[in-house]
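Work through the exercises below with the sequence and the model side by side. Try each task before reading its solution.

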Amino acid sequence: MRLSTLPSTRRTYWHESRAPRYSLMFALPLLAMYEVLAAMLSGPTGGVRNGADVIIKSAFVALLGAWGPIAFGVLLLATLTVLIVRDIRKKGRPSVPTFVLMFGESVVLAAVFGFAVSMVTVQLLSPLGAVAVGAKSQFGPAVSLMVSLGAGLYEELLFRVIIVGALVWAGKRLMGWGAVASGSFAVVVGALIFSAFHYVGAFGDVFSMDSFVFRTVAGLAFSGLYVLRGFGITAWTHALYDVFLLVLHGA
C-alpha cells in the first residue's frame, strides 16, 4: 500500500501546485512585499521600481492617465481573485503543506539555477575569452531586495505569462506546431527578449556579450520552468534567484 500511494502523491503535488488556488495564491506575498517596499523606499518625486512593473503600468497610464496604475492594480487583484475563487469552488480549499513544499522547491531551484546558469554561461563564453557573468547592482541592499521581488512577480508576468504565453499560442494557432515545438520556440524567443530587456531604459545596463549570454541562459531556465511548473513557483524561484545574486552576493 505504501509503495502504491507514493507515485499518486507525487502526481498530485505536481499538478496541484500549478492550479490557480496554489500557484496564484503563492505569488500574492511577492506582490504585497514588493509594493510595500516600493512605497516605503519612494521619495517625494517617486522611486526606483522594477522595469517590467514600469512597462506594464505605463501602458495603463497611456490609456487612463494618472488613474492607470490604480486601474492596473484593481484589474490584477480582481483577476487573481476570480481565478483563485473559481478554482477553490471546483476543487476545494488549498492545504498549507503544499505551499510549504512549493516554497522549498523554489528555494532549491533558485540555488540550482544560480549555480547552473553561471556554469553554462562560463562554458559558452570560454572559447571567446570572456568569462565574467552577471552585473553588479547599482543600488543599496534595500532597493536591490525590492527590485528582486519585483523581478519575480512582474518580469514573470510580462515575459512568461504574457510573452511566452503569446508565443506558445502563436506557435500552435498560427504556425500549426505541436505542443513541444511551440513550447520550445516560445522558450527560446522569450529568453532572448528577456535578456535584451535588461539594456533598455534609464537604469538599463551597458550591453556586453557576457551579460547578454548570462541573462539569455537565465531566461531559458525561467521560461522552461514556467512551461513546466507554472507561474507561482517560477515567480518565487526568480525572486529568490535575484535575491541570492544581487543581495547576498552583490553581483
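The model is predicted: local features need pLDDT of at least 70, side-chain atom pairs count only at pLDDT 80 or more, and totals for chains, interfaces and linings use all residues. Residues are numbered from 1 along each chain as its sequence is written, and side-chain values use heavy atoms, with hydrogens and water left out.

**Exercise 1. State the secondary structure content of the protein chain and how much of the chain is buried.**

Step 1. Helices (H or I, at least four residues) and strands (E, at least two) are DSSP runs, numbered from the N terminus. The protein chain has 9 helices and 0 strands.

Step 2. Buried means under 20% relative accessible area, exposed over 50%, and partly exposed in between (1.4 Å probe, protein chains only). Of the 251 residues, 42% count as buried.

**Exercise 2. Find the elements with the lowest and the highest mean pLDDT.**

Step 1. pLDDT is the predictor's confidence in each residue, from 0 to 100. The protein chain averages 85, and 85% of the residues score at least 70.

Step 2. Where pLDDT is low, the predicted coordinates should not be read in detail.

**Exercise 3. Check the span of helix α4 and list its buried residues.**

Step 1. The expected span of a helix is 1.5 Å times one less than its number of residues. For the 24 residues of α4 (residues 68–91) this gives 34 Å, and the end C-alpha atoms are 34 Å apart, which agrees.

Step 2. G68, F72, L76, L80, I84 and D87 are buried in α4. Their cover includes α2 (20–41), α3 (51–64) and α6 (141–174).

Step 3. Just after α4, G92 has a positive phi of about 95°.

**Exercise 4. Describe how α5 and α8 cross.**

Step 1. The axes (lines fitted to C-alpha atoms over the stretch in contact, with angles from 0 to 180 degrees between N-to-C directions) of α5 (residues 96–125) and α8 (residues 209–229) come within 9 Å and cross at roughly 140°.

Step 2. Angles under 35 degrees count as roughly parallel, over 145 as roughly antiparallel, 65 to 115 as roughly perpendicular and the rest as oblique. α5 and α8 are therefore oblique to each other.

**Exercise 5. Is S148 buried or exposed?**

Step 1. S148 lies in helix α6. Its relative accessibility is 0%, so S148 counts as buried.

Step 2. Apart from neighbours within four places in sequence, S148 contacts A239, D242, V243 and L246.

Note on methods: Contact = heavy atoms within 4.5 Å.
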